Amino acid sequence: MKIRTQDGKQYLEFGEVYVDSQGSSGQAAVYVRNRLNPAPVCIGIYEDMSRAKGVLYEIDLAYQARKKVFYAPSE
């Protein structure tokens with residue numbers, strides 16, 4: 001499965017996906033890291049941590065459904 005970034009510029013091979021907070025703004029970013037590119041790549045920035053964790057859940061559902069591409073939702 002591949003993940004397309006929120007800006008639509010990159011397709012990343014699925015690997016480790018995690019969430020990180022973005023300082024005091026309350027926003028949270030979702031990152032992907034894989035075997036081919038060990039540096040984390042931001043796939044999207046969301047309004048809060050709960051929405052970012054929801055994106056992780058959506059990625060998991062897409063993976064279980066064996067979808068070929070997951071399109072990171074916009075905020």
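Guide: Start with Ala 62, which is found in helix α1. Helices (H or I, at least four residues) and strands (E, at least two) are DSSP runs, numbered from the N terminus. The model is predicted: local features need pLDDT of at least 70, side-chain atom pairs count only at pLDDT 80 or more, and totals for chains, interfaces and linings use all residues. Residues are numbered from 1 along each chain as its sequence is written, and side-chain values use heavy atoms, with hydrogens and water left out.

Visitor: Why is Ala 62 called buried?

Guide: Buried means under 20% relative accessible area, exposed over 50%, partly exposed in between (1.4 Å probe, protein chains only). Ala 62 has 5% relative accessibility, so the label is buried.

Visitor: What is Ala 62 in contact with, leaving aside its neighbours within four places in sequence?

Guide: Met 1, Lys 67 and Phe 70. Contact means heavy atoms within 4.5 Å. Ala 62 and Ile 3 are 10.0 Å apart, C-alpha to C-alpha, and 59 residues apart in sequence.

Visitor: What makes Gly 26 partly exposed?

Guide: Its relative accessible area is 39%. That value falls between the 20% and 50% limits, so Gly 26 counts as partly exposed. Gly 26 is found in the loop between β3 and β4. Not counting residues up to four places away in sequence, Gly 26 touches Glu 47, Asp 48 and Met 49.

Visitor: How does the span of α1 compare with the expected one?

Guide: The expected span is 1.5 Å times one less than the number of residues. Helix α1 (residues 49-64) has 16 residues and reaches 23 Å from its first C-alpha to its last, close to the expected 22 Å.

Visitor: Why do the buried residues of α1 line one face?

Guide: Ala 52, Val 55, Ile 59 and Ala 62 are buried in α1. Seen down the axis, the buried residues fall within an arc of 70 degrees, so they line one face of the helix. The arc is that of the directions from the helix axis to the C-beta atoms. The face turned away carries the exposed residues Ser 50, Lys 53, Tyr 57 and Gln 64.

Visitor: What makes β3 and β5 edge strands?

Guide: An open sheet of 3 strands has the order β3-β4-β5, with antiparallel pairing. β3 and β5 each have a single partner strand, so one side of each is left without a neighbour in the sheet. The twist averages 25 degrees from one strand to the next. Axes are lines fitted to C-alpha atoms, for helices over the stretch in contact, and angles run from 0 to 180 degrees between N-to-C directions.

Visitor: How do you know that β3 and β4 pair?

Guide: Two strands pair if DSSP finds at least two bridges between them. β3 and β4 are joined by 6 bridges, so they pair. These strands run antiparallel. Ser 21 has Ala 28 as its bridge partner in β4. α1 packs on the sheet, touching β3, β4 and β5, and its direction makes about 175 degrees with that of β3.

Visitor: Which elements have the lowest and the highest mean pLDDT?

Guide: β2 has the lowest (90) and α1 the highest (95). pLDDT is the predictor's confidence in each residue, from 0 to 100. The mean for the protein chain is 91, and 100% of its residues reach 70 or more.
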